[in-house]
Amino acid sequence: MRGQTRFIASMLAFGYAFLYVPLVLVVVYSFNDSRIATVWGGFSTRWYGELLRNEQILDAAFLSLRIAVASATIATVLGTMSGLALARFRRFRGRTLFSGMITSPMVMPEVITGLSLLLLFVTLQQLVGWPSQRGFTTITIAHTTFSMAYVAVIVQSRLMSMDESLEEAAMDLGGHPLRIVFDITLPLIAPAMIAGWLLAFTLSLDDLVIASFVSGPGSNTLPMYIFSKVKLGVSPDINALATLIIVAVSIGVLIAWIATRRVRS
Amino acid sequence: MWKKVVTATPYLWLLLFFLAPFAIVLKISLADPEFGLPPYSQTASLENFAFLFSDKLYAVTYLRSVFMAVCATVLCLALGFPMAYGIARSNRETRNLLLLLVILPFWISFLLRVYAWMGLMNNYGTINTLLMWLGVTDQPIQLMYTDFAVFVGLVYSYLPFMILPLYATLERMDLDLVEAALDLGASRSRAFWDVTWPLARPGVIAGCLLVFIPAIGEYVIPYLLGGPESLLIGRVLFDEFFVNRDWPLASAVAIVLLLLLVVPIVLLQRYQARDQESTV
């Protein structure tokens, strides 16, 4: 028993060190004065200053944020509809195909999703003249398509774990089905919708491969900019950028954690 | 009426932006490359597929991708299983914190997490500096741009995908069964292999598929951490398309990759559907 516990404990320690040491080191090196990012040259915050003066990064970040907000919002609407359909309408035509199409984008390799969407946009452009150029719109559509799956799954499982008696009672009392959805079902699944929106937002900000396929000339998202830079090796202003993201995410997750703990207790 | 709208809207979206694209990929994979825009012909033949199967380079690349993905999956399992087990067995307070720490990296950019390893594994990076300081080696060991670096990147990025489903099944498991086996005189390892392992199998399968499927088409990790000779299928597809501008061949590469993944993807979906039913 003792030996087993020690083994598990050391695996846990190793695993968490493995997950976090690289992130900690990026944070440390972001305050490194030296231009050679892996040699320590004294404490400095100069890379943060350079980051904020870099117009290309700011433009890319702004484009990424706009795409993330737009695609997360559309994905939440479509994903909630899909979740409702799958959890509440037991039978409709083409249900098997529908549930297959909902979950497949989640596991599809990114190179395939990216390639197939780009070929679709090219074909559409030839046939109907839309989309006339690739960029914000096409990336938003691509991100919506794979992130709505996550929203659908979260909403669906929330609906499945919820009992239907409230909705049935309202139905018995003669409520209009659409009103029941807006007055009862949606408020009940709101937490799932928020979780889904946040996940879709992060997935969109995170994506490099699909955006690289479906974007056009001149529209670089933040990951595309970072990738073009780190291809050439370690770079100190990217360390600063990574640190800002790590700190922002940690604070956000910490707040969410404290909030849910308070709700529970 | 409104029910129809609720179902039809996402349905049409997926038909247009998920299913139709595959039909187009299939069509283009049968065409020939041509100069012009779009750079493919309107003819149809199986030539691209014949080429894929006759050129050894592609077969080797597919096999290498499968091999790398399998190794990454096994490594994730070897590290993830004890971790998930430890998390599931800790008390409630610690468990929530430990789970949070597994999920947290998910929210931090994938690209930046891979990038973090570039600084660590560089010839003058943290690991080599440490090793030379300790006197283990007097010359930097080549870590970056090797298969080793790709494995580290894959395990690092996909470990949470392994831990979470494993944790879910291990947490639901009835500990009394292990106790009973031990009371009946089974050894620790016997109890593990005969009781814990079979009960954890759904989580093991889901975790392995969740790592294997995305790892096989991975582009960023081999590009940033792997050597130029470490060709993997995601990279080949990308280069055929963007560098060689051979759209038909890139489409054929995608179709073959998809065929390779049909079985694991269907398996995963079936498992997840069953899992969802059993939790309700």
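# A walk through a two-chain predicted model

Visitor: How many of the residues in chain A are buried?
Guide: Of the 265 residues in chain A, 43% are buried. Keep in mind that this is a predicted model.

Visitor: What makes up the secondary structure of chain A?
Guide: Chain A has eleven helices and zero strands. Read from the N terminus, the elements go α-α-α-α-α-α-α-α-α-α-α. The C-alpha trace of chain A spans about 75 × 65 × 35 Å along its principal axes. Among contacts in chain A with a separation of 6 or more, 76% are between residues 24 or more positions apart.

Visitor: Which residues does a cis peptide bond join in chain A?
Guide: That bond joins Trp130(A) and Pro131(A), with omega about -5°. Pro131(A) is in the loop between H5 and H6 of chain A.

Visitor: How do you know which residues Ala84(B) is in contact with?
Guide: The test is C-beta atoms within 7 Å. Setting aside neighbours within four places in sequence, Ala84(B) is in contact with Ile163(B), Leu166(B), Tyr167(B) and Leu170(B). Ala84(B) also belongs to the largest nonpolar core, where it is one of the residues with the most contacts inside the core.

Visitor: What else goes into the largest nonpolar core?
Guide: The core has 157 residues, and others with the most contacts inside it include Leu115(A), Tyr115(B) and Val253(B). Helix H7 (residues 147–172) of chain B gives the largest share, 15 residues. At least three residues come from each of domain 1 (53–232) and domain 2 (234–265) of chain A.

Visitor: How do those two domains of chain A touch?
Guide: Five residues of domain 1 of chain A are in contact with four residues of domain 2 of chain A. On the domain 1 side, H10(A) gives the largest share, three residues. That side divides into three nonpolar, one polar and one charged. The C-alpha centres of the two domains lie 23 Å apart.

Visitor: And what makes up the contact between chain A and chain B?
Guide: Chain A gives 68 residues and chain B gives 68 residues. On the chain A side, the largest share is 15 residues from H1(A). Other helices that give two or more residues to that side include helix H3 (55–88) and helix H11 (236–264). The residues on the chain A side divide into 52 nonpolar, 14 polar and two charged.

How values were computed:
Residues are numbered from 1 along each chain as its sequence is written. Chains are lettered from A and ligands numbered from 1 in the order in which they are written. This is a predicted model: local features need pLDDT of at least 70, side-chain atom pairs count only at pLDDT 80 or more; totals for chains, interfaces and linings use all residues. Helices (H or I, at least four residues) and strands (E, at least two) are DSSP runs, numbered from the N terminus. Ala, Val, Leu, Ile, Met, Phe, Trp, Tyr, Cys and Pro count as nonpolar, Asp, Glu, Lys and Arg as charged, and the others, Gly among them, as polar. Domain bounds come from an automatic or database domain assignment. A nonpolar core is a set of buried Ala, Val, Leu, Ile, Met, Phe, Trp, Tyr and Cys residues joined through C-beta atoms within 7 Å. A residue is buried if 20 or more other C-beta atoms lie within 10 Å of its own, exposed if 12 or fewer, and partly exposed in between; C-beta atoms are placed from the backbone.
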